[in-house]
Amino acid sequence: MGIFEHVGMVLAAAVVVLVVKKGREYIGSSQKSSFKDRFMYKIDHALSTNPEFKTYSLLGITIVLIIVGGITYKFARIFASFLDGEEDIPTFFESLAASWTFLLDNGAHLDESGVLPVLVSLALSIAGMLLDALLVGLVADALGEKMDDLKKGKSKVLEEGHTLILGWNDKLLPLIKELAIANESEGGGVVVVLADREKEAMEEEIQEQFSEEELKGTDIVCRSGNPMLVSELEKVSADQARSIVALAIEGDPDAADAMMVRVVLALCGGMQLAGHVVAEMRDIDNCDLVRIVGKNKVETVVSHDIIGRLMIQCARQRGLATTYERLLGFDGHEFYFSEFKHLVGKAFGEIGRWFPNAVPCGYKDAEGKIFLNPPADYCFQPGDELLAICEDDSVFNIASSPDPLFDEPDTASLPNWQPEEVGPEKILFCGWRRDLDDMITELDKCVSPGSELHILSTIPENERLTMLKEGGLEEQCKNLSLHHRQGSPVMRRVLEALDLESFSSILILAEQSEEAIDVTAADSRSMATLLLIRDIQAKRGIPSCTVISEITDPRTKQLIAVARISDYVVSNELVSMALAMISENREISTVLQELWTADGSEVFVRSARFYLAPGESLSFYQLARRVSTRQEVLLGYRRNGSTLGEVIINPDNKGEQIVWGEHDEFVVIAID
């Protein structure tokens, strides 16, 4: 036996002794527990805390078996040589190689002779079979864990320039629909959803809602996780997203907004974002805190505030809800910004001739300030960007030459016609919203002095007054007087006790308590109130007035069709459209804010008699120039407005001559 063999055997024995010694030191001893208990405890702890422990353990067991088996096999061959007179005794390294062979090849022991070598090789072969079983189990566990991670949405998303949606509520599906339409012109895009739900459940609901054709080439990637954790946001490449839409959780508004602050803080405080954030808020009073945390990276959308303002505007203008459905979202015509150097020095009222596919309605100056419905004589300056309504940004281009039909002469002038002056109004609110004080304040700006607002709700009057005061409605309204009535809007006798024929408009609000619990319950109550009111009006022979019903679930829209309703607002659908538009272009937020407030320019649906005499023939170009003399922007029209005809925004053939009737209506942006 050479010196190298002696050294190898000594080193191998030392390794085995060291492993055993260190193992006993690691496990420790205790008078209160046995060695076996301590050993099993440490094993359990290592398996639960260290995912790589299995691999290292299998590797260590294999090395120990090779060394111990090699030493045992060598001594077995030496002992056999004394008994059988065998002279072919393997070296130590050959014994290690033989030990490794026995572990790998379960039939290698059949070539051995002698009792001890056969027993050692057989023991090593059996140990090898056990190691094979452990290895197969380890690989199966690793593959199973990986598949579970994939099913649970734990893998990292490797995308750039995608749209990221954080959270899950009833606005998500309409939002995905709008984003898919927006990405259609680019051949589709990628929308990543991160929510605290099971990945399989999210994918299943999306697949049930949308077919492959409806997604229009857009890929939807779902991941399960908490949007408030930076580690989860990094998993969905939030820093590489072109825009991030954070949806509010359901339930208590203050709790939802508090969580939104944490989400925005995780995004803007813990990451370097490439895009902007659109945060859905539940209470307008909490927006300032989110803006402070998000600085200049965040745009806020207060869903309740938007719906409240739209309900007031739509209640006072017949058909306005349908108009907003055409303007919001991407399934039709929407707002776009673009800079055209050719427009520098040209007046706003004359640039329509260069855009046969769009309707110019404002501009953004070089400092980023947006002006809606500017004077017709405003001349474009260097750095100004045109704001226009167009079907898609791909067709928002300046023409190579002006449209000659734009300059067709208009021989007539604006008629001297004024509608009947609107006197004091009597309005009914059925239900109660937490932001009712904001709705009352907005309504007070729109009505004439002496108007009345009647509020029907199950909430006692003293509680209502307290909530209105806490919301900021401390002083008496300027034009409105409030009248409180207690009762359930879904009870027929309560509604029959009201003087329904005296109301000019009725707004059915989603009950605050029901909405927080279940949107279906809130919609069911709203629909029941709507049907009861219409039935009472029909039996009394009362002329149909404008009734606006707040609908929180877009699916209820189809059920509303069974009622004789003049207008309606689908809350989450309109909010989802606004979220999608601001997600694609954050500057649209400023445009929508101005359109939805009583201050500044608004969208109006006005009678054709404001601008022409019945039977007059005018093209859209001619009519737009005539409308501009009132400093208004013509967006579109509706034929036979009294019968709720289809709203046409940005018509294709603007030079076509149309004979207009007294029941036609025009959609304009104007200052009230």
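# A guided tour of the predicted model

Begin by selecting Asp 219, which belongs to strand S3 (residues 219-224); helices (H or I, at least four residues) and strands (E, at least two) are DSSP runs, numbered from the N terminus. This is a predicted model, in which local features need pLDDT of at least 70 and side-chain atom pairs count only at pLDDT 80 or more, while totals for chains, interfaces and linings use all residues. Residues are numbered from 1 along each chain as its sequence is written, and side-chain values use heavy atoms, with hydrogens and water left out.

Asp 219 has a relative accessible area of 47% and is therefore partly exposed (buried means under 20%, exposed over 50%, partly exposed in between, with a 1.4 Å probe and protein chains only).

**Charges over rings**

Select Trp 168 and Arg 197 next. Arg 197 lies over the face of Trp 168, 4.4 Å from the ring centre; the criterion is NZ of Lys or CZ of Arg within 6 Å of the ring centre and within 35 degrees of the ring normal. Then move to Phe 337, where the charged end of Lys 364 sits over the ring at 5.5 Å from its centre.

**Aromatic pairs**

The structure holds twelve aromatic pairs (rings of Phe, Tyr and Trp, the last by its six-membered ring, with centres within 6.5 Å; planes under 30 degrees apart are stacked, over 60 edge-to-face and the rest tilted). Select Phe 340 and Phe 396: their ring centres are 5.3 Å apart and their planes stand at 75 degrees, so the pair is edge-to-face. Phe 340 lies in the loop between strand S7 (334-338) and S8, and Phe 396 in the loop between strand S10 (385-390) and strand S11 (426-430), so the pair ties together parts that are 56 residues apart in sequence. Phe 340 is buried at 12% relative accessible area, and Phe 396 is buried at 5%.

For an aromatic cluster, select Phe 610, Tyr 611, Tyr 637, Trp 660 and Phe 666.

**A covered helix**

Select helix H20 (residues 571-584). The expected span is 1.5 Å times one less than the number of residues; for the 14 residues of H20 this gives 20 Å, which agrees with the 20 Å between its end C-alpha atoms. Of these 14 residues, 13 are buried.

On a 1 Å grid over the protein atoms alone, a cavity is a set of points where a 1.4 Å probe fits but cannot get out, and a pocket is an open set with protein on both sides within 12 Å along at least five of seven lines; lining residues have an atom within 4 Å of a point. Five cavities of 30 Å³ or more are found in the whole structure. The largest cavity has a volume of about 290 Å³. Of its 24 lining residues, select those closest to its centre: Gly 349, Gly 352, Pro 360, Ala 624 and Val 633. Strand S8 (358-364), helix H22 (620-628) and strand S19 (633-638) each give two or more residues to this lining, and H22 gives the most, with five.

Finish at the largest pocket, with a volume of about 1200 Å³. Among its 29 lining residues, Arg 316, Gln 317, Pro 419, Val 422 and Val 605 are the closest to its centre. Helix H12 (303-316) and strand S17 (601-607) each supply at least two lining residues; the largest share, five residues, comes from S17.

Definitions and conventions
Grid points are joined across faces, edges and corners, and a volume is the space filled by probe spheres set on the points.
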